[in-house]
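Okay, thanks for coming, everyone. Let me put the structure up, and then we'll walk through a few spots together.

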Amino acid sequence: APPTGEGVEVRWLGERVRVVAEAGVDALEVAVEKGQDWFGLGGGLRVDELELALGALLDQVRAGARFVRVGGHDFVRLDAVLRARLAALGEARHTGAVGLVGVLDALAADGARVTGDAAWAAARARVRAALDWSPPVPAGLRATLRPYQRAGFTWLARLAKLDCGAILADDMGLGKTVQTIALLLHTADQGPALVVAPTSLCANWAAELARFAPGLRVRHFRGRQRAQALAGLGPGDVLLASYALAAREAADGGPLAQPHFATVVLDEAQAVKNADTQRHQALHRLQRDRAVLLTGTPVENREDDLWSLMTFVRPSVLGGRETFRELLGAGDGEQRPDQRAEGHARLARRVAPFLLRRRKSQVARELPPRTVQTLRIVPGPAEAARYRRAQAAAVAKLRQTHAAQGETASRFDVLAALGRLRQLACHPGLVDPTWTGASAKLARVVQLVRDGIDSGHKLLVFSQFTRFLDRVRAALVAEGIDPAWLVGSMSPAARQRAVARFQDGEAPVFLLSLLAGGTGLNLTEADRVLILDPWWNPAAEAQAADRAHRIGQERPVHVLRLVTAGTIEEKVHLLQDSKRSMVRAVLARDEAAPTDGGPVLSAELRAALLDSLLPALSEPGDAAAGRSGPG
C-alpha cells in the first residue's frame with residue numbers, strides 16, 4: 001500500500017516508495033472536446049515536473065486511492081477536496097453536458113484550469129442558460145403550486161428544454177401529478193403527450209387533467225375507440241392508456257408505436273422496473289422526445305430497479321448491464337460493506353442530474369405527524385399448535401424436495417411454503433378449510449376497528465390476502481359495521497364508488513387489498529391505518545399509510561402493524577430494515593422509497609427467511625448446505 005503521510009519512506013517488496021507532494025484542485029487541468037456522440041475529457045494532474053493523465057487519475061480515485069502514482073516509486077497525495085471533485089467528475093463524464101457543466105464549473109471555481117473546444121462552449125452555454133432559467137407557471141394551470149411543487153415543475157421544464165427526460169421520485173402524497181400536468185401544459189405546443197398509468201388510475205388522471213388543465217384535450221386509448229383516439233393527435237392532446245393496453249399496442253411496432261409524442265409519462269413507473277419483461281421492452285418502442293417517470297419507489301428490491309427506469313430516461317447514463325455492475329463494483333465475490341457503500345455512492349452521483357426526490361419531512365412540514373406502532377398478537381394454544389404443525393410439515397417437504405430435485409426446484413417451494421405460513425399467521429382457515437377455531441388476529445382487528453369508530457376515527461385496513469379481508473368484512477358486518485371495500489378485481493367505476501363511499505362519510509372503515517389500494521388514492525378522511533400482515537418490502541407499508549398521510553390531511557395519522565408472535569411475520573418484520581438501508585444508500589440523502597409491494601425477493605432476504613424457516617435443507621449438522629439454497 002502507499003505510504004500514509006509525507007516525510008515517511010516505505011519499502012514495499014524491496015522497492016523504495018516516496019510521497020513527493022500534496023495536490024489540490026489548482027493542480028488539475030481538464031480539457032473538454034466533442035467526440036462523435038459524446039464529450040471527451042483530457043488533461044491531468046500536474047505537480048512540479050510530474051504529471052498524471054486524467055483518465056488514469058480518475059481510475060485511481062474510483063478505486064479509492066488517496067495517493068496516486070506519478071512515476072516510478074513516487075506518489076502524490078490528493079487532498080480531500082480534490083478527491084471529492086474527481087469522484088464527481090468520474091461519474092459526470094457519463095451524463096453528457098447536463099451533468100458535466102455543474103461539476104466542471106465547480107472545479108474551475110476551486111482553481112482548476114478548465115478549457116474546451118467550440119462545441120463544448122456552445123453546449124455549456126445552452127445548459128447554463130437552461131439551468132439558470134425560471135419558466136413561468138403555465139397560465140392554463142388551475143392550481144396554486146406549493147413552493148416545492150413550483151421547484152419541481154421548474155426542474156422538469158429545465159430538463160425538457162435540454163431534451164432530457166426525468167424521474168420525479170417525490171414521496172407519495174406530495175403532488176407528482178399536478179407538477180407533471182404543469183409540465184404537460186408547458187410543453188403542449190411541442191406535440192401530443194401520452195400518459196401511461198395502471199388501469200385503476202386512468203380515471204383519476206382524466207379527472208385531474210380536467211380539474212387542473214381544462215385547456216388540454218384528453219383522449220382515452222381504450223376499447224373500440226383506440227384507432228379513433230390516435231387519429232389526428234396533435235399539440236395540446238393528452239392520450240391516456242393503461243400499462244396493459246399500451247404494452248400490447250406498442251409491441252412489435254403496433255399502432256401506439258406510430259405517433260411521435262413530445263412527452264411520455266409513466267405513472268407508478270415501478271411497473272417497468274424489470275427490463276426483462278415484455279411490458280418494459282414494448283414501451284421502449286414509444287416514440288418520444290422525452291420520458292418522465294413518476295414513482296415513489298425508484299429503488300425497490302434491488303439496484304437494478306433504478307437501472308431499468310433510467311433506460312427510459314437516458315440509457316447512456318448507466319450503460320448496459322455489465323457496465324452497471326461495474327459501476328456498483330459488483331464482482332463475482334462477496335462485497336465488503338465499504339465496497340457496497342461506495343458503489344451506491346457512485347450510482348447516486350451518476351443519476352443525480354435526472355432524479356429528483358423530496359421527502360415530506362423536508363418540504364411538507366405543515367403535515368401533521370405520523371406515528372407507527374407494531375402490535376404483537378399472541379395466538380391461542382390451538383392456533384399456535386396448528387402453525388407449528390404446518391411449519392414442521394413444510395420443513396420436511398422442503399428437505400425432501402431439495403434432496404430429490406436440487407436447489408433451483410426447492411427455491412420455488414420455499415416461496416410457496418412462506419406464503420402458506422404467512423396466511424396461517426393471519427387466520428388458520430385461509431389454509432385449512434376444516435378449521436373451526438378462533439383467529440387471534442381477526443379478533444384483534446375487529447376490536448381495533450370498533451374502538452377506533454367509537455373514538456371518532458376513520459380507518460383504512462390493508463392486507464395482502466383478499467380472503468382474509470373477506471373474513472374481516474364478514475366479522476365487521478356481524479358487528480353492525482358496513483365497510484367500504486376495494487380489491488383488484490373491481491372495475492374502475494366500482495373502485496370510484498367505493499372511494500366516494502368512504503370519503504363522503506358513508507362508511508367509517510375502508511378494507512383494501514395492498515396491491516389494489518396501495519397506490520393512487522387520496523384518502524385523507526382516514527387518520528388510522530391498520531397493516532394486517534407485514535410485506536417483504538417495508539415500503540409497501542409506507543405506501544399504504546401514505547393514502548391517508550398526504551397533502552390535505554389535517555389530523556395526526558396513526559399506523560398500526562399487526563404481527564403474530566412466533567410466526568414468519570416476526571422475521572419479515574425484522575428483515576425490513578435491510579431494505580430500508582439499501583434504498584437510503586442508493587438514493588443518497590433520502591429516506592426509503594415506498595413500493596408497490598411486488599413479490600420479488602432478493603437472494604439475501606430469501607436466504608434469511610429460509611434460515612428462519614428451517615436450519616438446513618440437507619441433513620442436520622450440514623448448515624452450510626442448508627444456507628446455500630437461495631442464491
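Let's start with helix 3, where the buried residues (under 20% relative accessible area) are Ala97, Val98, Gly99, Leu100, Val101, Val103, Leu104 and Leu107. Before I go on: this is a predicted model, so local features need pLDDT of at least 70 and side-chain atom pairs count only at pLDDT 80 or more, while totals for chains, interfaces and linings use all residues. Residues are numbered from 1 along each chain as its sequence is written, and side-chain values use heavy atoms, leaving out hydrogens and water.

So what covers those buried residues of helix 3? The cover includes strand 3 (28-34), strand 4 (39-47), helix 2 (80-92), strand 8 (113-116), helix 4 (118-131) and helix 5 (147-161). Just past helix 3, glycine 111 has a positive phi of about 115 degrees.

Next up, helix 17 (residues 440-454) and helix 18 (residues 466-478): they pack at an angle of about 50 degrees, and their axes are 10 Å apart. On the helix 17 side, the contact (heavy atoms within 4.5 Å) uses Lys441, Leu442, Val445, Val446 and Val449. Helix 18 brings Phe468, Arg471, Val472, Ala475 and Leu476. By type, that contact has eight nonpolar residues, two charged and no polar.

Last one, valine 20, which sits in strand 2 (residues 15-23). Not counting residues up to four places away in sequence, valine 20 touches Leu50, Asp74, Phe75 and Val76. And valine 20 and histidine 73, 53 residues apart in sequence, are 9.7 Å apart in space, C-alpha to C-alpha.

Key: Buried < 20%, exposed > 50% of the residue type's maximum accessible area, 1.4 Å probe, protein only. Helix = DSSP H or I, 4+ residues; strand = E, 2+ residues; numbered from the N terminus. Axes fitted to C-alpha atoms, helices over the stretch in contact; angles between N-to-C directions. Nonpolar A, V, L, I, M, F, W, Y, C, P; charged D, E, K, R; others polar.
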